[in-house]
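I opened this notebook to keep track of what I looked up, starting with the ligand and then moving on to the charged pairs and the overall build.

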Amino acid sequence: EQVEQTYIMVKPDGVQRGLVGEIISRFERKGFKLTGLKLFQCHKELAEEHYKDLKTKSFYPTLIDYITSGPVVCMVWEGVGVVASARKLIGSTNPLQAEPGTIRGDLAVQTGRNVVHGSDSPENGKRETGRFLLLKEKKGWDLSVESGTGDLSSLAALWFKEGELCEWTPAQAPWLME
Ligand code: DAT
Ligand code: MG
C-alpha cells in the first residue's frame with residue numbers, strides 16, 4: 001500500500017461557475033490529504049506540456065485555449081490509492097457518460113467543459129505535482145527508490161515548484177487509517 005500523490009485541477013469553467021469549494025469538499029470529505037493549493041493563471045507553454053500526449057488530436061488547440069482562458073485551482077492530494085480513487089470521484093471524461101455522484105456526472109454536461117482534471121497514473125501524479133522535487137531533496141535523484149521505474153527522462157515538475165508543497169499530519173489521520 002503505497003502513498004501516492006495526484007494532481008487535481010479545477011479548470012477555468014469550474015472557477016468561473018463558483019464550483020471551487022464544492023470540488024475541494026469532495027476530496028476533503030473522502031479523507032485524502034491536501035498538500036498543495038493555489039489559484040493560478042496557466043500559460044500556453046505549460047498547458048501544452050501538460051497535454052502533450054494529446055498534441056495530434058483535433059480538439060488540442062481548443063483544449064489549450066480553454067485551459068488558459070482563466071484562472072485554475074491547482075491542488076495536490078495525497079493518500080493510499082489516491083490516483084485511481086480521485087479518477088472515480090471525478091467520473092468519465094464525457095460528463096454525459098459520467099455516473100451521478102461523480103463530480104463530472106453531477107456538475108457538467110460537455111467534454112470540453114468538464115470542470116476538473118485528475119492525474120491518470122502515479123507516475124503522472126509525480127510529474128504533474130512536482131512531487132519528485134521533494135524526493136530529490138530527500139533521496140537524491142534516485143526516483144526508482146519510490147516508483148520502481150528509475151526513468152527520470154520524462155519527468156519535469158509541471159504545476160508546483162520546490163517549496164510550494166506542504167508535508168503535514170492532519171489531526172484526523174488516526175480516525176481515517178487504522
Ligand atoms: P481526462 O481529463 O478524463 O483524463 P483525457 O486525458 O483523455 O481525459 O483528455 C484530457 C482533456 O481533453 C479532457 O478532460 C477534455 C479534453 N478532451 C478529451 N477528449 C476530447 C474530445 N473527444 N473532444 C473534446 N475534448 C476532449
Ligand atoms: Mg487525462
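Predicted model: local features only at pLDDT ≥ 70, side-chain atom pairs only at ≥ 80, totals over all residues.

**Entry on the ligand.** For Arg87 I noted a polar side-chain atom 2.7 Å from an oxygen atom of ligand 1, and for Asn114 a polar side-chain atom 2.9 Å from an oxygen atom of ligand 1. I then noted that ligand 1 has 510 Å² of accessible area on its own, of which the protein covers 70%; accessible areas come from the Shrake-Rupley method with a 1.4 Å probe, and for residues only the protein chains shown count as cover.

I also listed the residues around ligand 1, that is, those with a heavy atom within 4 Å of it: Lys11, Tyr51, Leu54, Phe59, Leu63, Arg87, Thr93, Arg104, Thr111 and Asn114.

**Entry on the conventions.** Residues are numbered from 1 along each chain as its sequence is written, chains are lettered from A and ligands numbered from 1 in the order in which they are written, and side-chain values use heavy atoms, with hydrogens and water left out.

**Entry on the charged pairs.** Taking a salt bridge as a side-chain nitrogen of Lys or Arg within 4 Å of a carboxyl oxygen of Asp or Glu, I found a count of seven salt bridges.

Which residues are linked in a network of salt bridges? They are Glu22, Arg26 and Asp106. Between Arg26 and Glu22 the closest N and O atoms are 2.8 Å apart, and the two residues are separated by about one helical turn because they stand four residues apart in helix α2 (residues 20–30); helices (H or I, at least four residues) and strands (E, at least two) are DSSP runs, numbered from the N terminus. Between Arg26 and Asp106 the closest N and O atoms are 3.1 Å apart. This second pair links distant parts of the chain, with Arg26 in helix α2 and Asp106 in helix α6 (residues 103–107), 80 residues apart.

Is Arg26 buried or exposed? Arg26 is buried, at a relative accessible area of 14%, where buried means under 20%, exposed over 50% and partly exposed in between (1.4 Å probe, protein chains only). Glu22 is partly exposed at 34%, and Asp106 is partly exposed at 40%.

I also looked up Glu48 and Lys44, whose side chains meet in a salt bridge of 3.2 Å, N to O, with both residues in helix α3 (residues 44–50).

**Entry on the whole chain.** The protein chain has 10 helices and four strands, and buried residues make up 45% of its 178 residues.

Methods. Polar contact = N/O pair within 3.5 Å; in protein donor to acceptor, adjacent residues only side chain to side chain.
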